[in-house]
Amino acid sequence: MSSPPISAREAAIAEPLLEVQGLEARYGPIRALADVSLAIADGGLVTLIGGNGAGKTTLLRVLSGLLPAAAGTIRLAGQDITALAASARVRLGLIQVPEGRQVLAPLSIEDNLLLGGYTRTRREQAEGLEQAYAMFPALEQRRRTAAGLLSGGQQQMLAIARALMAKPRLLLLDEPSMGLSPILVDEVFETIVRLAAAGTTVFVVEQNAFRALSIAEHAYVLEAGRIILEGAAGALKSDHRVREAYLGL
Amino acid sequence: MSADFLQFLFSGITQGACYALVGLGFSIIYNASQVINFAQGEFVMIAGMAAVGLIDAGAPFVLALAAGVALTVVVGVALEKFAIEPARNASVVTLIIITIGASIFLRGAAELLGGRGFRSMPAFSGNEPIVIGGAALLPQSLWVLGVTVVIIFALGRFFNATMHGKAMLATAYNPVMAQLMGINTRLVLSLSFALAALLGGIAGVLIAPLSLTYSTVGVMLGLKGFCAAILGGLGKPMGAIAGGLLVGVSEAMTAGYLSSAYKDAVAFVIILVVLVVLPGGLFGGRSVERV
């Protein structure tokens, strides 16, 4: 009998964009992550919540290649990227918006954006710039301004716009709500939902559990370096453990 | 303006331009790695020694200059590859000490290959001085100044208008973010050593006809270039240029009006005063950043 090529294709479709298995990370003798496994479907909007010091930022550092994995594997679209350098992962479309935004303060807004598209061709950079300005008109008005002079909210927008310049297949966001007023947090989360609706796969790491669970489809809870809960975001929002520990209810 | 003053100014600016080129090298490597490369002066020496050696061996003049500078760039990249790169996880202080070791090694190698003697290189276009206001300006000084100005503009363009230049700036401001933008920061480090060696090498062949060349010529030049970089605010290219000119002119004035015995002390006195009054250097200023 002919082996069904269709089921093979289905398997490929069902394969997650990012698959993490048994990941461990260490800072010297201290184990910061232990046996972390997660999967993010292509086109999904997934969140990981956890308190201060749970290992959220460490996880993103390992995913981006800033910190080597002590054990475990990371696969992006089926390819093992565990040993790849950070810059090589960016070329594959794994883009992170780091905690605290990290805009290059002395450089202009436009230079920040162009550097976001560093791995892209000149033409893609020009297109990306156009899209970024269409999405965030406030940035275009001040394109020659030093990025350090922007307000916190604008810097967050710039950080997201800069990440989009790299044409992410998977966008990692580390605490995008940090240090922002509630109105600005709304704006940032609306932007994230729009990006996901437009087809970008998004993984948001947040301390603001209520907001993160409200926009995500799937969620993980990280505590002391381990995934302790996982499920549909809506279900986790009503889970008593999550409500007690993270929602203050 | 007296002829004396003008004469001191000419020689000060010429010398200062060389300090500026060396100081730029310090700043470029510091920006990429926080390392102060104490082999920067040796770059100047290698280019001069190699070019003189080739000229004495009968090589065409221009070719000898180009080969001297090219060899310096090769040495710069090799220094990064074989001395800095293997120790990249070590502390910055360790890396700085490695560069001091490298500078001693390079001086020793130069003595073995080129001897201990003083050697002179013919000037690029003769020794017929141009007299301006009673002061004599050597054509070689014009070469030094002209090439330095061209280099400054080329560097400005490189850093402000090319992606490679901007990537180097990004790595200087925020190495972690640079990696997240896909910049290969190791390559940037290698490139910064190449660029610093190129600047040192060019300074080396420019100054050789004016100051003789010998295996330890880079020691003082390196220290003065370091003063220039610190004076302008380490890591600030414009600061290194201004610092270089300031050190060069102050030296020449001291040598002319006071005594040449104090000449070498001037740079270090200036640096002490500046660091006490303005710890960030003349161009250190306050940085603008909102968080």
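This is a predicted model: local features need pLDDT of at least 70, side-chain atom pairs count only at pLDDT 80 or more; totals for chains, interfaces and linings use all residues.
Which residue forms a salt bridge with Arg26(A), and how many Å apart are the closest N and O atoms? Keep that in mind for point 2.

1. **The opening pair.** Arg26(A) bonds to Glu24(A) in a salt bridge. The closest N and O atoms are 3.1 Å apart.

2. **Salt bridges in chain B.** Over all chains, the structure holds 14 salt bridges. One of them joins Arg88(B) and Glu85(B), with 3.3 Å from N to O. Arg88(B) is partly exposed, with a relative accessible area of 39%. Glu85(B) is buried, at 12%. Another salt bridge links Glu111(B) with Arg116(B), also listed at 3.3 Å, N to O. Here Glu111(B) is partly exposed, at 23%, and Arg116(B) is exposed, at 65%. Back in chain A, shared partners join Glu24(A), Arg26(A) and Arg31(A) into one salt-bridge network.

3. **The largest cavity.** How many cavities of 30 Å³ or more are there? The count is three. The largest holds about 80 Å³ of space. Its lining comes from chain B and includes Ser27(B), Ile28(B), Asn31(B), Phe159(B), Met168(B) and Pro237(B). Which helix gives the largest share of this lining? That is α1(B), with four residues. Helices α1 (3–33) and α6 (163–173) of chain B each supply at least two residues. By type, the lining has eight nonpolar residues, three polar and no charged.

4. **The second largest cavity.** This one holds about 60 Å³. Its lining draws on two chains: Ile95(A), Gln96(A) and Arg162(A) are among the residues, and so are Met177(B), Leu180(B) and Met181(B). In chain A, β6 (94–97) and α7 (152–164) each supply at least two residues, as does α7 (175–180) of chain B. The lining divides into eight nonpolar residues, two polar and one charged.

5. **The nonpolar cores.** The largest nonpolar core has 120 residues. Which of them touch the most other members? They are Leu113(A), Leu115(A) and Ile183(B). Helix α8 (residues 185–211) of chain B gives the largest share of this core, 13 residues. There is also a second, separate core of 27 residues, with Leu23(A), Val36(A), Val46(A) and Ile81(A) among its members.

6. **A look at Leu115(A).** Leave aside neighbours within four places in sequence. Leu115(A) is then in contact with Leu104(A) and Leu107(A) in chain A. Across in chain B, the contacts of Leu115(A) are Met163(B), Lys166(B), Ala167(B), Ala170(B), Met181(B) and Ile183(B). Note that Ile183(B) was named above with Leu115(A) among the residues that touch the most other core members.

7. Is helix α4 (residues 109–116) of chain A largely enclosed or open? Eight of its eight residues are buried, so the helix is largely enclosed by the rest of the structure. Leu113(A) and Leu115(A) are among these buried residues, and so are Glu110(A) and Asp111(A). What do the buried residues pack against? In chain A they meet α5 (122–135), α6 (137–141) and α7. In chain B they meet α6.

8. **Two backbone angles to check.** Most residues other than glycine have a negative phi. Two residues here stand out. Asp35(A) is not a glycine, yet has a positive phi of about 50 degrees. Asp35(A) lies in strand β2 (residues 30–40) of chain A. Glu175(A) likewise has a positive phi, near 45 degrees. Glu175(A) sits in the loop between β7 (170–174) and α8 (182–197) of chain A. Are these residues buried or exposed? Asp35(A) is exposed, at 53% relative accessibility. Glu175(A) is buried, with a relative accessible area of 6%.

How values were computed. Residues are numbered from 1 along each chain as its sequence is written. Chains are lettered from A and ligands numbered from 1 in the order in which they are written. Side-chain values use heavy atoms; hydrogens and water are left out. A salt bridge is a side-chain nitrogen of Lys or Arg within 4 Å of a carboxyl oxygen of Asp or Glu. Buried means under 20% relative accessible area, exposed over 50%, partly exposed in between (1.4 Å probe, protein chains only). On a 1 Å grid over the protein atoms alone, a cavity is a set of points where a 1.4 Å probe fits but cannot get out, and a pocket is an open set with protein on both sides within 12 Å along at least five of seven lines; lining residues have an atom within 4 Å of a point. Grid points are joined across faces, edges and corners, and a volume is the space filled by probe spheres set on the points. Ala, Val, Leu, Ile, Met, Phe, Trp, Tyr, Cys and Pro count as nonpolar, Asp, Glu, Lys and Arg as charged, and the others, Gly among them, as polar. A nonpolar core is a set of buried Ala, Val, Leu, Ile, Met, Phe, Trp, Tyr and Cys residues joined through side-chain atoms within 4.5 Å. Contact means heavy atoms within 4.5 Å.
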